[in-house]
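Student: I would like to learn how to read a few local features of a model.
Tutor: Open the structure and we will take them one at a time.

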Amino acid sequence: MSDSLKLDRIAFYGRTLAEYVSIYDLNLPSLRGKKVLDCPGGAASFTAEALQYGIETFACDLLYGGDMTAVLAQGEADIAHTVERVAEVAHLFVWDFYRDAAGLRTSRTNALRGFAAHYPQSRYVNAKLPTLPFAERAFDLVLSGHLLFTYSDRLDYDFHLRALRELYRVTTDEVRVYPIQGLDAKPYPQLPQLIADLQTEGLHAEVVPVPFEFQRGSNEILRLKRS
Ligand SMILES: C[S@@+](CC[C@H](N)C(=O)[O-])C[C@H]1O[C@@H](n2cnc3c(N)ncnc32)[C@H](O)[C@@H]1O
């Protein structure tokens with residue numbers, strides 16, 4: 001029995017508002033009128049759905065831009081790939097939120113469809129971390145899910161440090177990064193070093209619990225907060 005989720009590529013998939021609320025422990029009324037960046041946004045419907053709550057959402061991703069037909073087809077394929085791989089190692093996950101693989105597929109598909117219907121808007125910006133095309137302190141809150149530490153088997157320490165500095169540069173207040181584990185469900189081993197390096201630069205960085213847990217043990221975010 002495998003003890004790690006194995007994904008061949010950085011998947012183009014996304015999550016719904018309900019998932020974001022739980023993952024980042026968001027209080028939607030308190031975000032009304034605030035500018036929030038989802039980076040990378042992938043195929044998340046968060047930007048579209050949170051707008052309905054009066055939140056000024058924006059998303060960026062290296063796959064945004066131009067004709068998205070091929071990217072959306074990739075999104076469908078990535079949902080199938082990921083759900084299949086998760087189902088192979090279902091014992092590594094807590095199923096309270098999705099119930100089963102079918103529930104997971106439905107959630108991912110809803111997110112992709114919600115994203116696809118909303119995408120043709122200037123709210124979706126092409127950007128490649130560790131550099132962002134936004135002014136300093138352009139957003140009140142920056143969310144960064146399922147990239148940095150999820151794929152720490154292929155993204156190195158220097159990338160993490162530079163990406164976190166950049167996410168912090170564009171917020172007036174706070175960055176929330178989820179999860180702090182890799183695909184093997186183990187906490188990113190260099191996280192203590194990363195936090196220490198960020199603190200040395202004057203960033204306040206800490207690990208904070210959140211109500212969401214899918215991959216076992218992934219119930220914390222890394223929070224960067226301006227003091
Ligand atoms: C699994 S999705 C995460 C989407 C969303 N944050 C979520 O939690 O559902 C990962 C995304 O990261 C994007 N990506 C990979 N490397 C990137 C980079 N260097 N800069 C910006 N986006 C990147 C991929 O295109 C993909 O859409």
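Student: Where is the place of Pro130?
Tutor: Pro130 is in the loop between strand S3 (124-126) and strand S4 (139-145). Helices (H or I, at least four residues) and strands (E, at least two) are DSSP runs, numbered from the N terminus. This is a predicted model, in which local features need pLDDT of at least 70 and side-chain atom pairs count only at pLDDT 80 or more, while totals for chains, interfaces and linings use all residues. Residues are numbered from 1 along each chain as its sequence is written.

Student: What joins Leu129 and Pro130?
Tutor: Most residues other than glycine have a negative phi, and most peptide bonds are trans. Leu129 and Pro130 are joined by a cis peptide bond, with omega about 20°. The bond from Tyr178 to Pro179 is cis too, with omega near -10°; Pro179 sits in the loop between strand S5 (171-178) and helix H7 (191-200). As for phi, Asp25 is not a glycine, yet its phi is positive, about 55°. Asp25 lies in the loop between helix H1 (17-23) and helix H2 (28-31).

Student: At what angle do H4 and H5 pack?
Tutor: Two packed helices are described by the angle between their axes and the distance between the axes. Here H4 (residues 69-88) and H5 (residues 101-118) pack at about 165°, with axes 10 Å apart. Axes are lines fitted to C-alpha atoms, for helices over the stretch in contact, and angles run from 0 to 180 degrees between N-to-C directions. H4 and H5 are therefore roughly antiparallel (angles over 145 degrees count as such).

Student: Which residues of H4 and H5 make the contact?
Tutor: Among them are Leu72, Ile79 and Val83 of H4 and Leu104, Arg108 and Leu112 of H5. Two residues are in contact if their C-beta atoms, placed from the backbone, lie within 7 Å. The residues of this contact divide into nine nonpolar, two polar and three charged. Ala, Val, Leu, Ile, Met, Phe, Trp, Tyr, Cys and Pro count as nonpolar, Asp, Glu, Lys and Arg as charged, and the others, Gly among them, as polar.

Student: How many residues surround the ligand?
Tutor: The ligand is surrounded by 19 residues, the closest being Pro40, Gly42, Leu129, Gly145 and His146; a residue is near if its C-beta atom, placed from the backbone, lies within 6 Å. Eleven residues of this shell are nonpolar, five polar and three charged.

Notes
Angles under 35 degrees count as roughly parallel, over 145 as roughly antiparallel, 65 to 115 as roughly perpendicular and the rest as oblique.
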